[in-house]
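These are my notebook entries on one protein model.

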Amino acid sequence: MRYPFLLLLLVLAACSTPDDVLSPDELLVEADAQTILTAIEANPADFKVVNFWATWCGPCVKEFPDLMAVDSLMADRGVDVIFVSADFPEERPAILEFLQRHGVNEVTFLKDEADDPFISSFSDDWTGSLPATLVYNADDEVIAFWEGSTTREALIEMLDTFIAGHTPTTNDS
């Protein structure tokens, strides 16, 4: 029952105009890893930047405006930023206030699964450190992963490279 509701929310969010404001229940959706992975697969963007963050994480809070800017600046180039909060469910009011203060008006996920299975569902390389970011291509393959924060400029440069059709390897300089 969870998946049809989530897919309906994603369709509604994709069809909304900038003037539409999501309700708190639409804005912040509790989800396990499988639900989030299903939403990533259902997302039609060419590149999906999935950012794991928390309101108590200083580097997460610092990079959040840059990620919002990338989402806005690169949406017409096939990029969508998806936020996943690792806060505790009882912190929901603080999470919603943070999202509203930053102008988020797209479905944001709130992790509702134990840490270890949740983390390993996304990447064997992820230690659980926040922030953590994965970039998926249109085939839903992870083409980039990092722990720690990034900047708007660095992320745009990386995405420009992906859009141009070149995925850097460890041998690239």
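**Entry 1. Accessibility and the basis of the model**

I called a residue buried under 20% relative accessible area, exposed over 50% and partly exposed in between, with a 1.4 Å probe and protein chains only. On that scale Thr-151 is partly exposed, because its relative accessibility is 36%. I noted that this is a predicted model, in which local features need pLDDT of at least 70 and side-chain atom pairs count only at pLDDT 80 or more, while totals for chains, interfaces and linings use all residues. Residues are numbered from 1 along each chain as its sequence is written, and side-chain values use heavy atoms, with hydrogens and water left out.

**Entry 2. Overall make-up**

I took helices (H or I, at least four residues) and strands (E, at least two) as DSSP runs, numbered from the N terminus. The protein has 7 helices and 6 strands. Read from the N terminus, the order of elements is α-α-β-α-β-α-β-α-β-α-β-β-α. Of the 173 residues in the protein, 45% are buried.

**Entry 3. Thr-151**

I returned to Thr-151 and placed it in the loop between β6 and α7 (152-163). For contacts I counted a pair of N or O atoms within 3.5 Å as polar; within protein, one must be able to donate a hydrogen and the other to accept it, and residues adjacent in sequence count only if both atoms are side-chain atoms. The side chain of Thr-151 reaches the backbone nitrogen of Ala-154 at 3.1 Å. I also checked Thr-151 against Pro-65: the two are 86 residues apart in sequence, and their C-alpha atoms are 9.3 Å apart in space.

**Entry 4. Aromatic pairs**

I paired rings of Phe, Tyr and Trp (its six-membered ring) if their centres lie within 6.5 Å; planes under 30 degrees apart count as stacked, over 60 as edge-to-face and the rest as tilted. This rule gives 9 aromatic pairs. One of them is Phe-52 with Trp-126, which is tilted because the planes stand at 40°, with the ring centres 4.5 Å apart. This pair joins distant parts of the chain, since Phe-52 is in strand β2 (residues 47-53) and Trp-126 is in the loop between α6 and β5 (132-136), 74 residues apart. Phe-52 is buried at a relative accessible area of 1%, and Trp-126 is buried at 7%.

I then looked at Phe-118 and Phe-122, whose planes meet at 55° with the ring centres 5.1 Å apart, so this pair is tilted. Both lie in helix α6, and because they are 4 residues apart, about one helical turn separates them. Phe-118 is buried at 1% relative accessibility, and Phe-122 is buried at 6%. Ring pairs link Phe-52, Phe-118, Phe-122 and Trp-126 into a cluster.

I asked which residue lies over the face of Phe-118. A charge sits over a ring if NZ of Lys or CZ of Arg is within 6 Å of the ring centre and within 35 degrees of the ring normal. Lys-111 lies over that face, at 5.7 Å from the ring centre.

**Entry 5. The second largest pocket**

On a 1 Å grid over the protein atoms alone, a pocket is an open set of points where a 1.4 Å probe fits, with protein on both sides within 12 Å along at least five of seven lines; lining residues have an atom within 4 Å of a point. The second largest pocket has a volume of about 220 Å³, counted as the space filled by probe spheres set on the points. It is lined by 13 residues, and those closest to its centre are Trp-56, Ala-86, Lys-111, Asp-115 and Leu-130. Helix α6 (residues 115-122) gives the most to this lining, with 3 residues.

**Entry 6. Between α6 and β5, and onward**

I found Thr-127 in the loop between α6 and β5, exposed at 62% relative accessibility. The Thr-127 side chain makes a polar contact with the side chain of Glu-147 (2.6 Å). Pro-131 is in the loop between α6 and β5, and the peptide bond from Leu-130 to Pro-131 is cis, with omega near -10°.

Thr-133 is in strand β5 and is buried at 0% relative accessibility. Its side chain makes a polar contact with the side chain of Asn-51 (2.9 Å).
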